[in-house]
Amino acid sequence: MIPNIPEPILNLLYEIGEVAGKNAYLVGGFVRDLLLKRPSLDIDIVVEGDAIRVAETMCDRWNGTLETHSQFGTATVTPENIDLSKVDFVTARRETYQGAGTLPIVQRGTITDDLCRRDFSINALAMRLDTNAFGTIVDKTGGLEDLETGTVRVLHKQSFRDDPTRIFRAARYAGRYGFRIPETDEVLIQAALPILPQLSGKRIRNEIDRVLLEKNAAKIVEHLTQLGVWEVIFATQNISTAFVYDFKKAEQAISWASAHLVDETFQPERVRWMTLFGTDMPICQIEAISFRLVLAHQLQRLISRTQAMKRGVSLEEVTASNFEKLGFPLSKNTSIEHQNGMWCIVDADNMNTYVCGDGNLYQVQTPLTAYRQLEQTLTPLKETVKPSEVYQLLKSYPIEALVLGYVDAIVPEWKREKIRDYLLGLRKVQPFITGDDLIALGEKPGKAFETVLWESFAAQLDGKIATKSEAFCRLRGFKDHSPRKTL
């Protein structure tokens, strides 16, 4: 029997075995991690027969909540006891792939079918739960031997072609456990690389997100670089060799934010992606990748269908001459790809990324370019810069980019202090004088109106005024000496 199963989980597994008999198995990552003496929380149960029926019975026993997906033959039970993890029940199945990179066709099967459909031998281990053989390991693919030798091995030669996301998972498991991918499998990976671009951007993004959450993410990213993965996904762009340093910087930024920005919306995944892109990747490429992988971005419309038609252009056709007519000439170093149902155009020489869809022309905007842009903003900064000038320079940047700038040891310390002062103080300052105050004084909104508001707030930030009454006195003095009747 497998040792070191925590007692609450052990009792839970015994109960499942009593109910389902020889038809229930503990499978996958939980078995793998138990054998490696590592903690694991994901309890996956495969049932030969009707998994939902077993889940319903267990839900009643544990006085829990049940979520079922009858079309997939799966269910999840969350026990009332908060010391117990949720349990996923899956009907044993077999899978067949109609083509490379496509989703599989699923049918009911046996435990052998279910184990043999999995990605790697170390994940194709099961443990019997019936009372007569509780704890017996079922190994149909040589997983036990691969655990002993530290090997991440796929189950058949078409595995990476059937599902190229397994390339990421292979590198992830190798990095997490200090295992190796055999040379024979690396050859299979090389053969499957051309299929990666056929996957949806969301599937690729999800796999990269999982890589970036790993403790050894830098090592895994480097391994994927060696395998040639990034060049395929990022359109010939590669990950910076400084990523090892950048990843440490990302973790420092996330740690600092968790301690100092407790009540704010801070998105760690954005920090990790910013550092993955590094400081060398062109901004237009970051924009294109953000669109391709459905990362945080928005499309700003440049030309509508109606505007294009008035200029005799149909954006259903993406051609250099059409872009010339619209006032956005393309260089010869331009790539055009169909992605996410639209055309993505990357003009590398002019550093622009466009998207065409529904007859409209858009420009891609993403917060993930912010750290690259912040680097450019900080370069000309002088040590004598005023707080109000710091506020103006930094206010448009997301806090994720600013925190990265603050922890970056390459940035001069005095600049880092300016960023910290903005993060912890300046950006939280509320102006003494508001638009409502000016309107109450009889002023009308307009350009001069906005100028006065900013000048008052800038004086406040720079310590020239300390109270609302001082702000009003300053405002009256401005009005008394102004030649204009209205602001």
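Me: What should I know before reading the values?
Reply: The model is predicted, so local features need pLDDT of at least 70 and side-chain atom pairs count only at pLDDT 80 or more, while totals for chains, interfaces and linings use all residues. Residues are numbered from 1 along each chain as its sequence is written, and side-chain values use heavy atoms, with hydrogens and water left out.

Me: In which order do the seven strands of the open sheet stand?
Reply: Strands (E, at least two residues) and helices (H or I, at least four) are DSSP runs numbered from the N terminus, and two strands pair if DSSP finds at least two bridges between them. Here the order is E3-E4-E5-E2-E1-E8-E9, with mixed pairing. Strand E3 (65-69) and strand E9 (137-139) are at the edges with a single partner strand each, so one side of each has no neighbour in the sheet. On average, neighbouring strands of this sheet are turned by 30° against each other, direction ignored; the axes are lines fitted to C-alpha atoms, and angles run from 0 to 180 degrees between N-to-C directions.

Me: In which sense do strand E1 and strand E8 pair?
Reply: Strand E1 (residues 24-27) and strand E8 (residues 125-128) are antiparallel, over three bridges. Val27 has Ala126 of E8 as its bridge partner.

Me: Which strands stand at the edges of the sheet with E10 and E11 in it?
Reply: That open sheet has five strands in the order E10-E14-E13-E12-E11, paired antiparallel. Strand E10 (298-303) and E11 are its edges; each has a single partner strand, so one side of each is left without a neighbour in the sheet. Within it, five bridges join E12 to strand E13 (residues 352-357), and Asp347 is partnered by Asn352 of E13.

Me: How many aromatic pairs are there?
Reply: Rings of Phe, Tyr and Trp (its six-membered ring) pair if their centres lie within 6.5 Å; planes under 30 degrees apart count as stacked, over 60 as edge-to-face and the rest as tilted. The count is 17 aromatic pairs. One aromatic cluster consists of Phe120, Phe160, Tyr173, Tyr177 and Phe179.

Me: Which ring does the charged end of Arg172 sit over?
Reply: A charge sits over a ring if NZ of Lys or CZ of Arg is within 6 Å of the ring centre and within 35 degrees of the ring normal. Arg172 has its charged end over the ring of Tyr173, 5.5 Å from the centre. For Arg416 the ring is that of Tyr406, at 5.6 Å.

Me: What lines the second largest cavity?
Reply: Rolling a probe the size of a water molecule over the atoms shows where empty space is left. On a 1 Å grid over the protein atoms alone, a cavity is a set of points where a 1.4 Å probe fits but cannot get out, and a pocket is an open set with protein on both sides within 12 Å along at least five of seven lines; lining residues have an atom within 4 Å of a point. The second largest cavity is lined by Asp246, Lys249, Met274, Thr275, Gly278, Thr279, Tyr371 and Leu404.

Me: Which residues lie nearest the centre of the second largest pocket?
Reply: They are Phe234, Ala235, Gln285, Glu337 and Gln339, out of 21 lining residues.
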